[in-house]
Amino acid sequence: MEIKQRIYRQIKIYGVVLGVLFLYYLWVKFTGLALLCPFYTITGFLCPGCGITRACMSLAAGDFARAYSYNQAIFWLAPLALADFVWFHYFYFRYGKKKSGFHTAAVTIMLVILLVFCVWRNLSDVLHII
């Protein structure tokens with residue numbers, strides 16, 4: 001597959017993803033109904049992603065402080081995720097490969113940070129209650 005074909009393919013994929021996310025944004029904005037977190041529903045603990053919908057809604061309204069209060073991890077991971085996104089696409093467009101050492105390391109680091117964030121967030125809630 002040529003570079004132009006790979007670029008066109010990614011544009012189509014991201015167009016669909018962004019379209020779905022925009023429709024979800026509109027749904028939440030006008031109905032106030034968002035997806036429930038199955039992890040929270042089952043365990044009563046916050047998952048690493050809990051609060052992302054509210055954070056994104058606050059970001060869309062320009063309220064960065066409130067967005068940060070809902071889920072700090074997305075702000076901590078944003079620079080690494082952006083660097084990985086750019087590198088991943090450069091590597092894919094240039095060489096046609098989806099895996100690189102940097103991508104693997106970045107994803108691993110982000111997963112570890114999310115796991116630590118999840119434990120820290122739930123422990124801090126429990127310790128404040130005690």
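Here are some friendly questions and answers about this predicted model.

Me: How many helices and strands does the chain have?
Reply: Let's begin with the overall layout. Read along the sequence, the chain follows the pattern α-α-α-α-α-α. The count is six helices and zero strands.

Me: What share of the 130 residues counts as buried?
Reply: The accessible surface of the chain comes to about 9,400 Å², and 74% of that surface belongs to carbon and sulfur atoms. To count as buried, a residue must have under 20% relative accessible area. Of the 130 residues, the share that counts as buried is 21%.

Me: How far does helix 1 reach from its first C-alpha to its last?
Reply: Helix 1 covers residues 3–31, which is 29 residues. At 1.5 Å a residue, the expected reach is 42 Å. The model comes close to that, and the reach of helix 1 is 42 Å.

Me: Which helices do the buried residues of helix 1 pack against?
Reply: We can start with the residues themselves: in helix 1, R6, Q10 and V28 are buried. The buried residues of helix 1 pack against helix 3 (52–60) and helix 5 (73–95).

Me: Is Q72 buried or exposed?
Reply: Q72 is found in the loop between helix 4 and helix 5. Leaving aside residues up to four places away in sequence, Q72 touches F117 and W120. Its relative accessibility is 15%, and buried means under 20%, so Q72 counts as buried.

Me: Which residues does S100 touch, not counting residues up to four places away in sequence?
Reply: S100 has its place in the loop between helix 5 and helix 6. Because its relative accessibility is 10%, S100 counts as buried. The C-alpha atoms of S100 and F88 are separated by 7.6 Å, although the two residues are 12 residues apart along the chain. The residues that S100 touches are W87 and F91.

Me: Is A65 buried or exposed?
Reply: A65 has its place in helix 4. Its C-alpha atom and that of C47, 18 residues apart along the chain, are separated by 20 Å. The relative accessible area of A65 is 59%, and exposed means over 50%, so A65 is exposed.

Me: Why is Y68 described as partly exposed?
Reply: Y68 is found in helix 4, which spans residues 64–70. Buried means under 20% relative accessible area and exposed means over 50%, so a value in between is partly exposed. Y68 is partly exposed because its relative accessible area is 37%.

Me: Which helix gives the most to the nonpolar patch?
Reply: The nonpolar patch on the surface is formed by Y68, W76, I109, I113 and W120. Together these residues have about 490 Å² of accessible area. With three residues, the helix that gives the most is helix 6 (residues 101–129).

Key. Residues numbered from 1 in each chain as written. Predicted model: local features only at pLDDT ≥ 70, side-chain atom pairs only at ≥ 80, totals over all residues. Heavy atoms only, no water. Patch = residues over 30% accessible without salt bridge, like charges linked within 9 Å, V, L, I, M, F, W, Y side chains within 5 Å. Areas by Shrake-Rupley, 256 points an atom, 1.4 Å probe, with all protein chains shown as cover. Salt bridge = Lys/Arg side-chain N within 4 Å of Asp/Glu carboxyl O. Helix = DSSP H or I, 4+ residues; strand = E, 2+ residues; numbered from the N terminus. Buried < 20%, exposed > 50% of the residue type's maximum accessible area, 1.4 Å probe, protein only. Expected span 1.5 Å × (residues − 1). Contact = heavy atoms within 4.5 Å.
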